[in-house]
Structure formats: structure tokens, C-alpha cells
Amino acid sequence: MAERLSAEARQQALGGLPGWTDVQGRDAIGKTFVFKDFNEAFGFMARAALVAEKMDHHPEWRNVYKTVEVVLSTHDAGGVTARDIALAKAMNAIAG
Ligand SMILES: C[C@H](O)[C@H](O)[C@H]1CNC2=NC(N)=NC(=O)C2=N1
């Protein structure tokens, strides 16, 4: 199982992940993506879903019109691991 990142490793990883921050009140990272319209937002979700399934690592997310709020945490580990960082990176790449 993946191990939770140390506070230092996590801050360093967040430094290379534009838009991603610590989630208050739990061990997770989050980002709010804002797109041009619903079509762009849902296209992002469809592409991210395929990557997430391939990685066997799944986001918590919420879509309202052109906004997608994402929270990443490794449930099996009870916190943020390298798997969350990898998915966050992939999501930034997909969003462009
Ligand atoms: C059995 C399966 O591999 C696990 O349940 C995976 C699936 N996707 C997951 N996604 C996330 N975000 N955290 C997990 O711990 C996790 N575990």
C-alpha cells in the first residue's frame, strides 16, 4: 500500500502542482477547475475518469456547470500519497 507523504514531501509536491492546495480539516489535497462551459468541464471529467480508472485511483469531485471541485486522498492510507500527486499532475495536464 502507498504510504502517506511527510509534510515536507507534500509541500514540495504541491509546489510543482499549480492550483492544488491542502484541504482544511482533513488529510487531502484539492483544486477547483473552472472551464469555459459545461461541455469543457464534462470533457475534462470524462478524460480524467479514464485515467483514474487506469491508475485504479479515484477522485472525489463535484461538478456545477463549468466548475469541477476535486479532492484527492488515498482512502486506503488515510491521507495524501504519491498516488494523489500523480493523479493531480495528470488532471492538470488534461485541463491544459
Ligand atoms: C481495490 C481498489 O484498488 C482500491 O479500493 C482503490 C480504488 N481507488 C482508490 N481511490 C482512492 N482515491 N483511494 C483509494 O484508497 C483507492 N483504492
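This is a predicted model: local features need pLDDT of at least 70, side-chain atom pairs count only at pLDDT 80 or more; totals for chains, interfaces and linings use all residues.
Colleague: How many bridges join strand 1 to strand 2?

Modeller: Two bridges join strand 1, residues 21-22, to strand 2. In this pairing Asp22 stands opposite Ile29. The two strands form a hairpin with six residues between them, and Gly25 in the turn has a positive phi of about 85 degrees.

Colleague: And how many join strand 2 to strand 4?

Modeller: Six bridges join strand 2 to strand 4, and the two run antiparallel. Within this pairing, Val34 has Thr67 as its bridge partner in strand 4.

Colleague: What about strand 3 and strand 4, in which sense do they pair?

Modeller: Strand 3 (residues 60-64) and strand 4 (residues 67-72) pair in the antiparallel sense over five bridges. Arg62 stands opposite Glu69 in strand 4. These strands also form a hairpin, with two residues between them.

Colleague: Which residue in that turn has a positive phi?

Modeller: Tyr65 in the turn has a positive phi of about 50 degrees, although Tyr65 is not a glycine. As background, most residues other than glycine have a negative phi.

Colleague: Is Tyr65 buried or exposed?

Modeller: Tyr65 counts as exposed, because it has 11 C-beta neighbours inside 10 Å and the limit for an exposed residue is 12 or fewer.

Colleague: Which non-glycine residue has a positive phi of about 55 degrees?

Modeller: That is Asp56, which lies in the loop between helix 2 and strand 3. Asp56 is exposed, with 7 other C-beta atoms within 10 Å.

Colleague: Changing topic, which residues surround the ligand?

Modeller: Asp56 is one of them, together with His57, His58, Thr74, His75 and Asp76. By type, this shell has four polar residues, two charged ones and no nonpolar ones.

Colleague: Now helix 3, how many residues does it have, and how far does it reach?

Modeller: Helix 3 covers residues 82-95, which is 14 residues. From its first C-alpha to its last it reaches 20 Å, close to the 20 Å expected at 1.5 Å a residue.

Colleague: Which of its residues are buried?

Modeller: The buried residues of helix 3 are Asp84, Ile85, Leu87, Ala88, Met91 and Ala95. Seen down the helix axis, they fall within an arc of 165 degrees, so they line one face of helix 3. In general, an α-helix has 3.6 residues a turn, so residues three or four places apart point the same way.

Colleague: What do those buried residues pack against?

Modeller: They pack against helix 1 (7-15), strand 2 (29-34), helix 2 (38-55) and strand 4. Just after helix 3, Gly96 takes a positive phi of about 85 degrees.

Colleague: One more, where is Ala77?

Modeller: Ala77 is in the loop between strand 4 and helix 3, and it is partly exposed, with 16 other C-beta atoms within 10 Å.

Colleague: What is Ala77 in contact with, leaving aside its neighbours within four places in sequence?

Modeller: Ala77 is then in contact with Met1, Ala2, Glu3 and Arg4. Ala77 and Glu3 are 74 residues apart along the chain, yet their C-alpha atoms are separated by 6.3 Å.

Conventions: Residues are numbered from 1 along each chain as its sequence is written. Two strands pair if DSSP finds at least two bridges between them. Helices (H or I, at least four residues) and strands (E, at least two) are DSSP runs, numbered from the N terminus. A residue is near a molecule or strand if its C-beta atom, placed from the backbone, lies within 6 Å of it. Ala, Val, Leu, Ile, Met, Phe, Trp, Tyr, Cys and Pro count as nonpolar, Asp, Glu, Lys and Arg as charged, and the others, Gly among them, as polar. The expected span of a helix is 1.5 Å times one less than its number of residues. A residue is buried if 20 or more other C-beta atoms lie within 10 Å of its own, exposed if 12 or fewer, and partly exposed in between; C-beta atoms are placed from the backbone. The arc is that of the directions from the helix axis to the C-beta atoms. Two residues are in contact if their C-beta atoms, placed from the backbone, lie within 7 Å.
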